[in-house]
Amino acid sequence: MATIGFALTFWAWDLIAPLASWYGDRLDLSSFQQSLLVAVPVLVGSLGRIPAGALTDRYGAKVMFPLVSALTIVPVLLLIPAKNSYGAMLAVGFLLGLGGTTFAIGIPLVNSWFPPAKRGLALGVFGMGMGGVALSGYFTPRIAKHGENLPFVVVAVALAAYAVLALLLIKDRPDRPVPTASLATRLGKAGRLRVTWELSALYAIGFGGIVAFGVYLPTYLKTWYELDPTDAGTKAAGFALVTVVFRPIGGWLSDRVHPAVVTAGALGFVALFAIVQAFDPPLNPGGTIALLCMAAGLGTASGSVFALVSQVTPQPQVGSVTGIVGAMGGLGGFVPPLVMGAIYSAKDSYSIGFMLLSDLALAGCVYAYGRMRTIRPTAEGGGAPEVSKVAAPRP
């Protein structure tokens, strides 16, 4: 149920991106304006994960999942009257960000139901819900051919049905620890953990890359390779599907190898193929291979980073830490579309953007291998586990 809810709300979160070129033509938007339009929901959805995660710690996913799913229906339907105004689209995109917060609801739910040895794979399976981006990329433009408002109606109905099912079927673990401290206190405590920000940086590269490609790849393929919107959306959906498949693989590997090692290897793989794509190979087969290999690396890294979160975070703080880390991951997806749009407008090329991605991925690779292997939770004074640095890698 958590994975299905994650997928549906992510589809809603990504409704604008597959139609960005259509909105661009309709409203006569520049490349940067299109980039901003698809990036606004990413920004709001990312920041919204911080309170969503903390509220999930307090009230549980049984309350939060149906509530957020039902509220997301409002901006989805508002996309219909907003389609003729760029300002209205930005405002509705801001509200649509609510759909991106469910990640921070599902992680603590799934984390609480599985023993540590199985959490990597379980969280990876939940992470497959980000395939909602693939669903959106593939189905949204096709449904729109049968009626320009039809995609929004379909998603709204699906969200309503899910909200009812979630209310009936989702169960919080009965013995889950419920924090009594205030929201601000819990977020402050999570924010003071050094590992929160280290994981945030790694997730900003891994998941941020997925989000960035999810929202900008249709525009990139249409602009650079001159594909029509439907074909570009289909290929972008294929990219997203690969990230979905490799996310549980990253979690599964992290149950067997230290997740920091898995993360380092995955980001190194991304860095290599980002360099390949920076040289603008033909789409078939060079560009396709490079993009799909980057998708595999980004998906693996996303799964392994949250396997690491589950290892080093005290259970009562999983939601709060997840909210912060998830927010940084989403913010990692907010900036690249703006950068890519600005670079293309200025230089008529995307190569600089891909070289920047390779630099970031390589830096994350080195940091994950050099530093993150030395992190583990310890108990201090019989209290809640905290994060500390040890001399030897965790076996």
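I began with Lys83 in this predicted model, and I noted that Lys83 counts as buried because its relative accessibility is 12%, under the 20% cut-off. I then looked for its partner and found that Lys83 forms a salt bridge with Glu148, with the closest N and O atoms 2.4 Å apart. Lys83 sits in the loop between helix H4 (61-82) and helix H5 (86-96), while Glu148 lies in the loop between H8 and H9, so the pair ties together parts that are 65 residues apart in sequence.

Next I followed Glu148, which is partly exposed at 35% relative accessible area, to a salt bridge with Arg26 (3.9 Å, N to O). Arg26 belongs to helix H2 (residues 20-27), so this pair connects parts 122 residues apart in sequence.

I also looked up Glu198 and Arg194, whose salt bridge has its closest N and O atoms 2.9 Å apart; both residues lie in helix H11 (residues 194-224), 4 residues apart, or about one turn of the helix. Glu198 counts as buried at 6% relative accessibility, whereas Arg194 is exposed at 52%. Returning to the shared partners, I recorded that salt bridges join Arg26, Lys83 and Glu148 into one network.

For the surface, I noted a nonpolar patch of about 610 Å², made by Leu121, Val125, Met128, Leu241, Val245, Ile249, Trp252 and Leu253. Helix H7 (116-127) and helix H12 (229-254) are the elements that give two or more residues to this patch, and H12 gives the most, with 5 residues.

Last, I checked helix H6 (residues 103-113), where 10 of the 11 residues are buried, so the helix is largely enclosed by the rest of the structure.

Notes:
Residues numbered from 1 in each chain as written. Predicted model: local features only at pLDDT ≥ 70, side-chain atom pairs only at ≥ 80, totals over all residues. Heavy atoms only, no water. Buried < 20%, exposed > 50% of the residue type's maximum accessible area, 1.4 Å probe, protein only. Patch = residues over 30% accessible without salt bridge, like charges linked within 9 Å, V, L, I, M, F, W, Y side chains within 5 Å. Areas by Shrake-Rupley, 256 points an atom, 1.4 Å probe, with all protein chains shown as cover. Salt bridge = Lys/Arg side-chain N within 4 Å of Asp/Glu carboxyl O.
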